[in-house]
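Visitor: Hello! Could you walk me through this protein, one question at a time?

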Amino acid sequence: MVTARQRTALACRARPRRDPTGRHRGIVRLRLGARVRVALAEQRLLAHLPPAPADLATVGDLPAGPRAERLAARALLRLLLATELGRAAGATPIAARDGGQPHLPEWPGISVSLSHDAGTVAAALGRGVPVGVDVQVPVPAPPALLRRCCAPAVRAALDRLPAPARDREFAWIWTVQEACVKATGAGLAGRPWAIPVPAGRRTGRWADLRWVSLRGHSRVPASVAHVVGTR
């Protein structure tokens, strides 16, 4: 069992810090310890960036909306890679594993994750540790979904909130669950709805993962998870 002192120490290690070297206005870049970097942005802020030809090949015949959103997420990842690892990394091929998880064939020691929803995009990279990121614009959460994804005590806490606040809080919970299964590489097969996430919590642990909700840094619910590496 994790003690109160251990939880406090965990929160201090995992607390996101804004990166002061960001050069692109409106893009939030955060550091989570020595190994993990996260970037978030509104899709419109990336519209001026020409998509990489290799990325254009991945969107195929997608409708205009999903196509633009996916390209924006990849553009954000490329900015993050270039900032952290140099210009060559920003132009590196981005491939996909059988389950759809992105990876960098030319940078096997770097893990990456992407997310996008309703005009907001997020990207994360981990140095030597698997990482997952998820962003979710709040939508009405039906009772059946809350029963499936939340423990009884969490559902009771959500039920005490007005509907808009309840839906927003559930979106925070869901981004943690999604980020965790992305970090493991399991995706939906990892049963994200079974991962326990307390309401209102900024950071926590599940299995061998540490997760952080980017509350106070993102107006849209977004969370990142990564395998706990050795220091």
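Guide: Gladly! Helices and strands here are DSSP runs, at least four residues long for a helix and at least two for a strand, numbered from the N terminus. Please keep in mind that this is a predicted model.

Visitor: How many helices and strands does the protein chain have?
Guide: We can count the runs of each kind along the chain, using the lengths just mentioned. The count for the protein chain is seven helices and eleven strands.

Visitor: What share of the residues counts as buried?
Guide: A residue is called buried when its relative accessible area is under 20%. The protein chain has 231 residues, and the share of them that passes this test is 44%.

Visitor: Is strand β6 mostly covered or mostly open, and how many of its residues are buried?
Guide: Let's apply the test to β6, which spans residues 110-117 and has eight residues. The strand is mostly covered, and the number of buried residues is six.

Visitor: Which residue in β7 stands opposite D117?
Guide: β6 pairs with β7, residues 120-127, in the antiparallel sense over eight bridges. The two strands form a hairpin with two residues between them, and A118 in the turn has a positive phi of about 50°. Across from D117, the residue in β7 is T120.

Visitor: What is in contact with L158, leaving aside its neighbours within four places in sequence?
Guide: To be in contact, heavy atoms must lie within 4.5 Å. With those sequence neighbours set aside, the partners of L158 are L146, C150, R166, E169, F170 and I173.

Visitor: At what angle do α6 and α7 pack, and how far apart are their axes?
Guide: Two packed helices are described by the angle between their axes and the distance between the axes. On the α6 side V154, L158 and D159 take part, and they meet R166, E169, F170 and I173 in α7. By class, this contact has four nonpolar, no polar and three charged residues. The angle is about 145°, and the axes are 9 Å apart.

How values were computed: Residues numbered from 1 in each chain as written. Predicted model: local features only at pLDDT ≥ 70, side-chain atom pairs only at ≥ 80, totals over all residues. Heavy atoms only, no water. Buried < 20%, exposed > 50% of the residue type's maximum accessible area, 1.4 Å probe, protein only. Pairing = 2+ DSSP bridges. Axes fitted to C-alpha atoms, helices over the stretch in contact; angles between N-to-C directions. Nonpolar A, V, L, I, M, F, W, Y, C, P; charged D, E, K, R; others polar.
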